[in-house]
Amino acid sequence: MTPGAHVGPYRIESSLGQGGMGAVYRGMQLNVGREVAIKVLTVQDDDQITRRFHSEARIISKLSHPNTLKQVDFGQSDTGQLFLVTELLQGDDPSDPDDHIAHCEHTVCRRSRLDRRDQDLACER
């Protein structure tokens with residue numbers, strides 16, 4: 001999908017990523033002017049993947065925790081594509097060395113932003 005395209009009541013602004021089942025876009029919820037993340041299922045003719053996408057939407061809709069995404073919408077576009085809309089989170093840019101996330105064996109290490117002089121790693125298990 002290209003910027004400016006519409007998925008239901010949402011406008012695509014830019015691509016955020018793509019995987020085996022779908023693509024994720026930065027979008028705009030036009031009726032309220034809110035930035036959102038739009039996941040669009042790109043595989044249309046696989047019943048198992050379609051069921052998994054529906055299951056994902058049902059599960060996310062039931063979650064209520066500060067560390068999980070909030071679902072905004074789930075539906076089907078005029079062209080038949082399934083889509084899942086969540087809040088848009090701002091995060092680290094993996095291409096920015098100051099926002100680097102290093103994956104250690106069974107540990108995710110984040111470069112400390114508090115003291116960039118010595119570039120200590122703070123590790124979370």
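Start by selecting residues 100-125. This is a predicted model, and pLDDT stays under 50 over this stretch. The model has 36 contacts beyond four places in sequence for residues 100-125. Keep that in mind when you look at them.

Now colour the whole protein chain by pLDDT. The average is 78. A score of at least 70 is reached by 73% of the residues.

Switch to cartoon view. The protein chain has one helix and nine strands. Follow them along the sequence and the pattern reads β-β-β-β-α-β-β-β-β-β.

Next, select strand β4, residues 34-41, and helix α1, residues 47-62. Show side chains for lysine 39 and glutamate 56. What do they form? Lysine 39 and glutamate 56 make a salt bridge, with the closest N and O atoms 3.0 Å apart. Lysine 39 belongs to strand β4 and glutamate 56 to helix α1, so this pair ties together parts that are 17 residues apart in sequence. Is lysine 39 buried or partly exposed? Its relative accessibility is 23%, so lysine 39 counts as partly exposed. Glutamate 56, at 22%, is also classed as partly exposed. The cut-off for buried is under 20%.

Glutamate 35 has a relative accessible area of 39% and is partly exposed. Arginine 26 is partly exposed too, at 22% relative accessibility.

Move to glutamate 13 and arginine 11. Their side chains meet in a salt bridge, 2.7 Å from N to O. Check the accessibility of each residue. Glutamate 13 is partly exposed, with a relative accessible area of 30%. Arginine 11 is partly exposed as well, at 29% relative accessibility.

Finish with the whole chain. The protein chain exposes about 8,600 Å². Carbon and sulfur atoms supply 49% of that area. Then colour by burial: of the 125 residues, 27% count as buried.

Key: Residues numbered from 1 in each chain as written. Predicted model: local features only at pLDDT ≥ 70, side-chain atom pairs only at ≥ 80, totals over all residues. Heavy atoms only, no water. pLDDT = per-residue confidence, 0-100. Contact = heavy atoms within 4.5 Å. Salt bridge = Lys/Arg side-chain N within 4 Å of Asp/Glu carboxyl O. Buried < 20%, exposed > 50% of the residue type's maximum accessible area, 1.4 Å probe, protein only. Helix = DSSP H or I, 4+ residues; strand = E, 2+ residues; numbered from the N terminus. Areas by Shrake-Rupley, 256 points an atom, 1.4 Å probe, with all protein chains shown as cover.
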